[in-house]
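Thanks for coming, everyone. Please have a look at the model on the screen, and I will walk you through a few parts of it.

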Amino acid sequence: MTAPMRSRLRLAVSGGVPLVLVLLFVFLSVAAPSIWGDDASASNVAEANQAISGAHWMGTDDLGRDILARTLVATRNSLVLAVLATIVGGCAGIGLGLLSAMSRRMSRALGAVINVLIAFPALLLAIFFAVLFGIGSVGSVLAVGASFAPGFARITQTLTASVVSKEYVEASRVLGKGPLYRTFRHILPNIAEPIVLYSTIHIGTAVLALSGLSFLGLGVQPPVYDWGRLLNDGLTRIYVTPGVAIAPSIAIVLAGLTFNLAGERLSDLIGGRRSAPAARRVERRPAEPSPDTTGDSLVDVRHLRVVYTSADGRVTTPVRDVSFALAANERVGIVGESGSGKSMTAAAIAQLVEEPGHVQAEALRFMDADLLAPDRSTQHVLGRNMAMVFQDPGEALNPAIKIGTHLIEPAVIHLRETKKDARRKALDALGAVALTDPARRYEQHQHELSGGMKQRVGIAIGLMGEARLLIADEPTTALDVTVQRQILRLINRVGEQTQAGLLFISHDIAVVSELCDRIIVMYAGFIVEEAKTGDLLASPAHPYTSVLLAAGPRMGMDKSVPLVAIDGRMPGPDADLPGCYFAARCPRADSTCLSSRPPLRVLADGHRAACWHPLTEPGDALPPEGVTI
Ligand SMILES: Nc1ncnc2c1ncn2[C@@H]1O[C@H](COP(=O)(O)OP(=O)(O)OP(=O)(O)O)[C@@H](O)[C@H]1O
């Protein structure tokens, strides 16, 4: 046999045979009682206890009923009960597993409970529950269902964990949607497929478990019968007329194998095709002298800290001290190297810091909402007035939902617009972000769009509410260079049209300086410098800012000289230093810098820096090109 033939045969055996057998079992469940019902139930004492013969291929039972006919008729009971048990186990387990989407604490508690339940062998659990729920069909279905629930709960919890941190789920939090909405809108549609496959496999397991219970006398009771019951009836005659045991045994094994293989094959097929607010802790800290943030700003952040406490008590502080204000229609950029706390600062403003994260501040306000004491109206203010554009446009869109549905949500939920009006607005928004054929895009899903198109959709979603603030967290990092420029131009245009404020986060100071009126430089969870864009570029005061500027290419620089690199590493969020966190890498540092932390001081109007030895002369500003400090 040639290799292609062998592979075709393998495919036929692994895929075709289970499918044919599933169809056969479905056919028998529907038709067998009508075709063989009379033979299965008609007693004929004269033919009782017959061995295998031409007239009775599997013999007869002690009332002379044909065993083969009874086995075929029992298909309906066996499979219907197995499907019901799988549904019971699925509903209970999936419901339990989805609770993990409510909060991290719930997820941890649930994980511990599931671990304990899963440690018990399923059949033992089924026997225990059968005794608890009562002997009979209903009891056995509930028992087998209950014994399946921990398995379903585990897979649901695992799948939920993979979806719950996606950006589109976080975006729905910003929209003010509760855990139930998130669960049914975003989580369930995205985990449904593997769960359906898992259920198919479990029908086979349910057949085996229910047959086991009936065989032990705990399941289906006469006159009703399933395969396990037939096996139980024939047990005493198994050595005399083995047909009484062979027929139901073959049926049980075949059904178990069929549904297992069918589930696995389905899973392979789908896998192959594919390969082509939680409880938030906020705390108001005692008032300290605050920097020059104003009370009527769009965003007002004073002495913000974000603290994480791990289960073993380890404390990390990704945001150590951040204070700034953003006025209406102002564009502020936050720059800093990876891990400096830029995204976490934005997350605290958008109320996206989850347990075990802990937000502390002297003040944290967005418009007139006090984000330290959030209530339902806070979520409404955020959902209506704050739009977010995330780094990975694919992650920000739910793959199970049409682009149009993503777009109309903010308008329907927060502006109480009709779906028809929202659709019209959505088509306008898709046009405004220069997507061709908006009506077609509206009906598409995210996988049908390119990265740049997805990011345009993300921005269009921001246009659907009445956004007063657009937070863009590295919106161009995942895109290629040509598309990056288009998206930056688009954000610029959208900002001008909507007059919304912009908080733009990037590690690229050049990009930020093109878009923003003011720049905040972050280092190790602190603001180290803040100034109007022109001032910061012309005369950076903090040595770190000056290195950041020197590390990027500039117009007119000598291309043969390598860019400035910076030695050493930024202290992590678990570091606890008494002095300046940049001191270990700073050429100007002295003993004061190592022992005492510099406050964020006003150097000139609107220019603040946290440094004991700021670069005050323009000549101080940049280290020579090619120098490593
Ligand atoms: N859920 C979390 N639990 C604990 N620490 C976290 C968590 N999320 C992020 N961090 C830590 O917080 C620090 C700051 O992260 P953040 O994402 O704000 O940095 P960033 O400046 O935006 O960096 P990047 O440019 O890489 O996104 C990092 O050290 C990160 O490891």
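Let me start with strand 11, residues 518-523. Strand 11 is mostly covered: six of its six residues are buried. Buried here means that 20 or more other C-beta atoms lie within 10 Å of the residue's own; exposed means 12 or fewer, partly exposed is in between, and C-beta atoms are placed from the backbone. Helices (H or I, at least four residues) and strands (E, at least two) are DSSP runs, numbered from the N terminus.

Two notes on the source. This is a predicted model: local features need pLDDT of at least 70, side-chain atom pairs count only at pLDDT 80 or more, and totals for chains, interfaces and linings use all residues. Residues are numbered from 1 along each chain as its sequence is written.

Back to strand 11. In a regular strand the side chains alternate between the two faces of the sheet. Here Arg 518, Ile 520 and Met 522 point one way. Ile 519, Val 521 and Tyr 523 point the other way, and all are buried.

What does strand 11 pair with? Two strands pair if DSSP finds at least two bridges between them. Strand 4, residues 331-335, runs parallel to strand 11, with four bridges. Gly 333 stands opposite Ile 519 there. Strand 12, residues 526-532, is antiparallel to strand 11, with six bridges. Glu 530 in strand 12 is the bridge partner of Ile 520. Strands 11 and 12 form a hairpin with two residues between them. In that turn, Ala 524 has a positive phi of about 50°.

Next, strand 9, residues 469-473. Strand 9 is also mostly covered, with five of its five residues buried. Leu 469, Ile 471 and Asp 473 point one way, Leu 470 and Ala 472 the other. Strand 8, residues 386-389, joins strand 9 through four bridges, and the two run parallel. Val 389 has Ala 472 as its bridge partner in strand 9. Strand 10, residues 501-505, pairs with strand 9 in the parallel sense over five bridges. Leu 469 stands opposite Gly 501 in strand 10.

Now the ligand. Which residues come nearest to the ligand? They are Pro 318, Ser 338, Lys 342, Ser 343 and Met 344, out of 14 residues around it. A residue counts as near if its C-beta atom, placed from the backbone, lies within 6 Å. By class, this shell has four nonpolar, nine polar and one charged residues. Ala, Val, Leu, Ile, Met, Phe, Trp, Tyr, Cys and Pro count as nonpolar, Asp, Glu, Lys and Arg as charged, and the others, Gly among them, as polar. Strand 3 (315-326) and helix 10 (342-349) each supply at least two residues of the shell. Helix 10 gives the largest share, three residues.

Stay with strand 3. Nine of its 12 residues are buried. Strand 2, residues 299-309, pairs with strand 3 in the antiparallel sense over seven bridges. Leu 304 stands opposite Val 322 in strand 3. Their hairpin has five residues between the strands, and Gly 313 takes a positive phi near 90°.

On to helix packing. Two packed helices are described by the angle between their axes and the distance between the axes. Axes are lines fitted to C-alpha atoms, for helices over the stretch in contact, and angles run from 0 to 180 degrees between N-to-C directions. Helix 12 (residues 403-414) packs on helix 15 at an angle of about 25°, with the axes 7 Å apart. That makes helix 12 roughly parallel to helix 15. Angles under 35 degrees count as roughly parallel, over 145 as roughly antiparallel, 65 to 115 as roughly perpendicular and the rest as oblique. Helix 13 (residues 419-432) and helix 15 (residues 451-464) have axes that come within 9 Å and cross at roughly 135°. So helix 13 is oblique to helix 15. The axes of helix 12 and helix 13 come within 9 Å and cross at roughly 120°. Helix 12 and helix 13 are therefore oblique to each other.

Where is Leu 372? Leu 372 lies in the loop between strand 7 (369-370) and helix 11 (376-385). Leu 372 counts as partly exposed, because it has 17 C-beta neighbours inside 10 Å.

Last, the whole chain. The chain has 20 helices and 14 strands. Of its 629 residues, 46% are buried.
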